Amino acid sequence: MGAAASDESAPGPGDGAATVGLTSDQAGRLLAQYGENAIREKRVSLLARLLGYFWGPIPWMIEIAAVLSAAVRHWEDFVIIMVMLLLNAGVGFWEEAKADNAIEALKRRLAPRARVLRDGRWQDIEARSLVPGDVVAVKLGDIVPADLDLRSGPYLSVDQSALTGESLPVDKKAGDTAYSGSIVRQGEMRAVVTATGMNTFFGKTAGLVETAEQRSHFQQAVLRIGNFLILTTLALVAVIVVAALFRRSPIVDTLLFALILTVAAIPVALPAVLSVTMAVGASTLAGMKAIVSRLVSIEEMAGMDILCSDKTGTLTQNRLTLGAPVLIGAHDADELLLAAALSCARDAPDPIDAAILAGLPHPELLDGYRIEALDPFDPVRKRAEATVSGSGGTFHVAKGAPQVILDLVKLDPETAAKVSAATDELAGRGYRSLGVARSGDGSTWHYLGLVSLFDPPREDSAETIAIAKRMGLSVRMVTGDHVAIGREISRKLGLDPNIVSARDVFGGKDGDGDGDGARIEAAGGFAEVFPEHKFKIVRALQQAGHIVGMTGDGVNDAPALKQADIGIAVEGATDAARAAADLVLTAPGLSVIARAVEEARRIFERMTGYATFRIAETVRVLLFMTLSILVFDFYPVTAVMIVLLAILNDFPIMMIAYDNVAIAPRPVRWDMHRVLTLSTVLGLMGVVASFLLFWFAERHLGLDRPTIQTLIFLKLLVAGHLTIYLTRNEGWFWQRPWPNWRLFVAAETTQIVGTLAAVYGWFVQPIGWEYALGIWAYALAWLLINNVAKVWVYRLVRFGPRRHARHLERSHRSLHGA
């Protein structure tokens, strides 16, 4: 890393402890030992990400079915299977390609160059070449290039809000630590590098982002559905193969049936339909100014029961504002605020000066005064002082820490006690206070009063939190500010004021423990939080069985956003936060989150309805075909009929993504026990209905086997599509909300097409209108019977409100295979 030599004089700060610096040889050895001052990257190639969509239980079974169909030259089956496989992979890959690399965004915040003392002279080098032990100089406007131990110089005022969430610049002095990635707002100091790259506080944040990885509950649910269907298929195919061997059936016929059974059993469209459903939902959310970067996060949002919200810039405006003044010697608030404003640096105000100037009721009064001299605020003197001339002559004003101004004025004990009490009262409510004084000659000062400052809540935060509570969400504040500030904001927003310090929970800023899980779960919010704390808070809540959302906007939020089940980057968030988030808000405020949760729960209901339908249909077809072969040595449907069923089923099930569904008033989760119970009951009843039809057609009507196959084909088609209406709600199929017109038209159109195929013999044995209408009447009668069974099952497995917590816990365990 070629170091560009510069002037050989020191850049300003006075001599201190570290003035020699390293030699180039020493720096080279340390660079080899510690590595470059850069964020390590873990990249996954596009090809590897794409191939990942073809790996897993359901893709394996679909691929096996494709191979079998090609082996026996059933090209229609092969095309259908490959289209569904590619559609699922394409939708997922395209949507998730929008999720950019959080590590890269973090990396861009590192300072590109640094001022370092090497070989006895000051020079500018690339920041990535810094090593522990280097002596560096930092000044106004610099991005701190590594973790530094400040050694000499007057002071630094450092903006580390993007790292810790603290809304005000932090004053640093010799002996303090300045963190990599923070910005110097005032002052100039020399320092020694203590940590570089991934070992810095900033680098550890990047490392947390890299390790924050979690399989979604949606992926777990799909995996469990796939495992259930695969194990069922393998078991029944094994039974058929054994039976065929005993019967000495031709191997080709056995292979053909295995193909038919596999195609019938595998939910080829399951991943594709769920992906399309979520993609449609993502499009809807985009219209609400919420961009989805990870499709499965939509399902996570539907089940989210805890929302951890960053305070600064999320619940609050990240803008200091004047509070109510406390008058001591001033005649009125105008006199107090005018004196405070006259001691501000109007040309380059810091956040405190900007707040005072913005809160001045009559800013035009400043035009009547001239600033003769201004000593800006610094952490050593802890006050700002100005000499002002006006129509009444020359006078002095000062503002600063209340105790410092108190020492300057030398008040009587009673008034001093009044000032101290007011200061303590403001601090207890989370306000920062400044004392203001005025002097006619610069020696005799008069205490005018106290100016209070706070970061006000966003206008819509209280309303959004109230809506979230009505939807069953527990909102927990997470902030880097002090406990008192967190409690005051909580009271204003209607949040639980039980704010605990992360230092207490985790044993200090650098505590390595995971904290007290019970205390974390019981807390109403957290203060004095650092990035690793946020990450551990989210993880602890997840381990307690909660689905956790996290909002944030800064680099400090990135690890927790990545770890959370649903990470939400608010409007104006940094690149790192957007990169780590699942949902990126492009409009200010949090009101869109409530609408997004509502839409997510609507999508979840659609996916649950489809999954129930798909499993029920698989059980119905798979078990019926298997028992038909074992008991009657009869193929109930032909391979062409299987293909027709697959094609005609695809149209209505794709329209499920647009269906009208009821919105759950509480967080929802995949209850696999309920889904599998209802699916199995409906599937078994379908098997009974199919066998009754087979028995009636053969024994009482005396029909030949090809005609019976067409009857069963039409029954499977019509009854199957009617099952879609059953699984879309928990009550009776005629209850509101009624099906979306797209779903209704697609389902009825494909039923009519299938009916015409059966009546007129398109690819099947024709049966005529009499038998076709009879099948319709039979299917409609079973629709009512199945509806009664569905309502009974739901009542049997439904959990009352008092057992809701146990229901959530069992759902969590079932999804994790416990």
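Two residues are taken to be in contact when heavy atoms of theirs lie within 4.5 Å. The model described here is a predicted one. By this criterion, and not counting residues up to four places away in sequence, L644 touches F713, W762, F763 and V764. L644 is found in helix α25, which spans residues 639-655. The relative accessible area of L644 is 16%. Because buried means under 20% relative accessible area, L644 is classed as buried. L644 and L717 are 73 residues apart in sequence, yet their C-alpha atoms are 9.3 Å apart in space.

Helix α27 (residues 705-727) was examined together with helix α26 (residues 672-700). The axes of these two helices come within 10 Å and cross at roughly 150°. Angles over 145 degrees count as roughly antiparallel, and α26 is therefore roughly antiparallel to α27. The crossing of α26 and α27 is right-handed. On the α26 side, the contact involves L682, G686, A689, S690, L693, F694, A697 and E698. These residues meet R705, I708, L711, I712, K715, L716, T723, L726 and T727 in α27. The residues of this contact between α26 and α27 comprise 10 nonpolar, four polar and three charged.

Helix α27 also packs against helix α24 (residues 591-632), with axes that come within 9 Å and cross at roughly 160°. It follows from this angle that α24 and α27 are roughly antiparallel to each other. The crossing of α24 and α27 is right-handed. From α24, the residues G609, T612, F613, E617, R620, V621, F624 and F632 take part in the contact. Their partners in α27 are R705, I712, K715, L716, A719, G720, T723, I724 and T727. The residues of the contact of α24 with α27 divide into eight nonpolar, five polar and four charged. Among the α27 residues, R705, I712, K715, L716, T723 and T727 occur both in the contact with α26 and in the contact with α24.

Beyond α27, N740 lies in the loop between α27 and α28 (741-760). With a relative accessible area of 9%, N740 is buried. Leaving aside neighbours within four places in sequence, N740 is in contact with Y658, D659 and N660. A polar atom of the N740 side chain lies 3.3 Å from the backbone oxygen of Y658.

Methods: Residues are numbered from 1 along each chain as its sequence is written. This is a predicted model: local features need pLDDT of at least 70, side-chain atom pairs count only at pLDDT 80 or more; totals for chains, interfaces and linings use all residues. Side-chain values use heavy atoms; hydrogens and water are left out. Axes are lines fitted to C-alpha atoms, for helices over the stretch in contact, and angles run from 0 to 180 degrees between N-to-C directions. Helices (H or I, at least four residues) and strands (E, at least two) are DSSP runs, numbered from the N terminus. Angles under 35 degrees count as roughly parallel, over 145 as roughly antiparallel, 65 to 115 as roughly perpendicular and the rest as oblique. A crossing is left-handed if the near helix is turned anticlockwise from the far one by less than a right angle, and right-handed if clockwise. Ala, Val, Leu, Ile, Met, Phe, Trp, Tyr, Cys and Pro count as nonpolar, Asp, Glu, Lys and Arg as charged, and the others, Gly among them, as polar. Buried means under 20% relative accessible area, exposed over 50%, partly exposed in between (1.4 Å probe, protein chains only). A polar contact is a pair of N or O atoms within 3.5 Å; within protein, one must be able to donate a hydrogen and the other to accept it, and residues adjacent in sequence count only if both atoms are side-chain atoms.
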